[in-house]
Amino acid sequence: MTTKEKQKKRIPPKRPVKKSKKKEPQKGLNSLQAYNLYRVVLISLLVVAVGISGGWKLPFLQQEGYTKKIVVTQSHLEEIFKKAKYFTVDDQKKYTVYNQYKDIIGYAISTHDFASHVRGFAGEVPVLIGFDNDSTIQGMQMLQHNESGEYIEFILDDKLLEKWNGMTFDRALYNKVDAITSATETSEAIIETIQVTMSEVTGKELEEKHYPWTLILQWVLTSATLLFGLLVCFYRPMKNYRTTMLIMVVIVMGFAYQKMISISFLHGWIVNGISLDSNLVSVVLLGLSVLLPITTKKQFYCHYMCPFGAAQELAGKISPFQKRNMNFLKIRSIPLQTVATIVLICCIFLGEYPELSFIEPFPSFSFRVVS
C-alpha cells in the first residue's frame with residue numbers, strides 16, 4: 001500500500017453539520033429579575049416590620065380610642081424654670097408652674113396641642129414653650145420626638161430654641177429665623193411648629209409661606225443630579241459621563257443635602273408620615289428605586305444614585321490596591337448584608353433594635369453633625 005493510499009484511509013469522515021436551533025424565549029423569571037424581586041420582598045418585609053413596631057394602626061392591632069400622647073414632665077419644666085417644684089394643667093392645655101412656696105413663677109404650652117400636623121425629617125418635633133404673665137417667652141425645651149439624637153443635639157448647640165427668648169407671642173409670630181444647614185428638615189419643622197402655635201394662641205394669621213432660596217437651590221441641584229443619573233443610566237451616549245455623575249452624586253446627594261435611602265430614612269416616613277415640602281425629590285427617588293429594577297432590570301439607586309456606592313466606586317478608580325475577592329463576606333453563598341438585614345427585620349418585629357442611624361454608614365455624609 002502506497003503512502004497516498006494510507007493517508008486517504010486516515011482521513012476521518014465528515015460529520016454532518018448540526019443545524020443550530022433557535023433558542024426559545026425563557027419562561028418565568030431570569031436570575032436578575034428574581035434577584036430584583038427578592039430585594040423588593042426583603043425591603044417590603046423591612047417596611048412592614050418598621051411600621052408595626054412604630055404603631056401602624058392596622059385593623060387587628062388598633063386599640064380603640066388610641067391617640068399619640070406627648071408627655072410633659074417636671075424635668076422639662078425645670079429646664080425652663082429653674083425653681084419649678086410642681087405644676088398643674090387646665091382645660092386649655094396651659095401648664096401653670098409653681099415654686100416651693102406655691103407661688104406661680106410661669107406658664108407653659110406644648111406645640112403638640114396646636115401644631116402636631118407639622119412634620120420634620122422623622123415626624124413631629126414638639127416643643128415646650130415657657131412664658132410669664134405678659135406672654136413673654138422665657139425659654140423652650142424639646143419634648144419626645146423621633147429625630148436622630150445627633151441632629152437635635154446639633155440644633156440645640158446652635159441655640160435655635162433661644163431665638164425667641166424675650167419676645168412676646170405677637171413678636172415671636174413674625175420673627176424671621178433661618179433653618180440650620182446640615183439639619184434643614186428638622187430645624188425648618190421646629191420653626192414652623194413654633195410659628196403655627198403662636199398663630200393659634202394669638203388668633204392672628206400666619207404670613208404667606210415663602211420658600212427660601214436655599215430650599216429652591218436644593219430642589220434645583222438634587223433634581224438636576226437625579227435627571228443626570230437617569231440620562232447616564234438609559235441614554236447610551238451619556239455613559240462616558242459616569243465619573244462626572246458619580247462626583248455630582250457624592251457632593252449633592254451626599255455631603256450637601258443627604259438625600260439617600262436608608263433604614264432610618266424609611267423608619268421616619270413609615271411611622272411618622274412624609275413632609276413633601278422638603279422631601280419631594282426623595283419621594284421621586286424612592287419610587288424610581290423600586291419601579292426601575294422591576295421594569296427595566298436596572299439597579300438605579302445602588303448603581304447610580306447611592307452616595308456611599310458612588311464614593312466607593314470613585315475610591316476604587318484612584319486606589320493603588322488591586323480589587324480583591326469578597327466571597328469571605330458570604331455565609332453559604334448568602335451575602336452578609338442579606339443576613340444582617342434579615343436579623344434586623346426580626347429584631348424590629350420583636351421591638352428590640354439599636355438607634356438605626358448608628359448601624360448605617362450614611363450619616364457620615366453629615367460631617368458637621370457626626371463630627
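1. Glu313 is partly exposed, with a relative accessible area of 28%; the classes used here are buried (under 20% relative accessible area), exposed (over 50%) and partly exposed (in between), with a 1.4 Å probe and protein chains only. Glu313 forms a salt bridge with Arg242, and the closest N and O atoms of the two are 2.9 Å apart. A salt bridge is taken as a side-chain nitrogen of Lys or Arg within 4 Å of a carboxyl oxygen of Asp or Glu. This pair links distant parts of the chain, 71 residues apart: Arg242 belongs to helix α9 (residues 242-256) and Glu313 to helix α13 (residues 307-318).

2. On the basis of the note: this is a predicted model, in which local features need pLDDT of at least 70 and side-chain atom pairs count only at pLDDT 80 or more, while totals for chains, interfaces and linings use all residues. Residues are numbered from 1 along each chain as its sequence is written, and side-chain values use heavy atoms, with hydrogens and water left out.

3. The secondary structure of the chain comes to 15 helices and seven strands. Helices (H or I, at least four residues) and strands (E, at least two) are DSSP runs, numbered from the N terminus. Of the 371 residues in the chain, 37% are buried. Among contacts (heavy atoms within 4.5 Å) with a separation of 6 or more, 61% are between residues 24 or more positions apart. The accessible surface of the chain is about 23,500 Å², and carbon and sulfur atoms hold 57% of it; such areas come from the Shrake-Rupley method with a 1.4 Å probe.

4. The count of salt bridges comes to three. Side chains of opposite charge can pair when their charged atoms come close. One of the bridges joins Asp113 and Lys93, at 4.0 Å from N to O. Asp113 lies in helix α4 (residues 112-115) and Lys93 in the loop between β1 (86-89) and β2 (94-98), so that the pair links distant parts of the chain, 20 residues apart. Asp113 is partly exposed at 30% relative accessible area, and Lys93 is partly exposed at 41%.

5. Asp170 and Lys204 also form a salt bridge, with 3.4 Å between the closest N and O atoms. Because Asp170 is in helix α6 (residues 169-173) and Lys204 in the loop between α7 (184-202) and α8, the pair ties together parts that are 34 residues apart in sequence. Asp170 counts as partly exposed at 37% relative accessibility, and Lys204 counts as partly exposed at 36%.

6. Is Thr222 buried or exposed? Thr222 is buried, with a relative accessible area of 1%, and its place is in helix α8 (residues 213-234). The side chain of Thr222 reaches the backbone oxygen of Trp219 at 3.3 Å. Leaving aside residues up to four places away in sequence, Thr222 touches Val252, Met253, Tyr257, Lys259 and Val281.

7. Helix α14 (residues 336-350) has 15 residues and should span 21 Å at 1.5 Å a residue; its end C-alpha atoms are 21 Å apart, which agrees. The expected span is 1.5 Å times one less than the number of residues. Which residues of α14 are buried? They are Thr338, Leu344, Ile345 and Ile348. These residues lie on the same side of α14, because they cover an arc of only 125° around the axis, the arc being that of the directions from the helix axis to the C-beta atoms. Gly351 follows α14, and its phi is positive, near 85°.

Methods:
A polar contact is a pair of N or O atoms within 3.5 Å; within protein, one must be able to donate a hydrogen and the other to accept it, and residues adjacent in sequence count only if both atoms are side-chain atoms.
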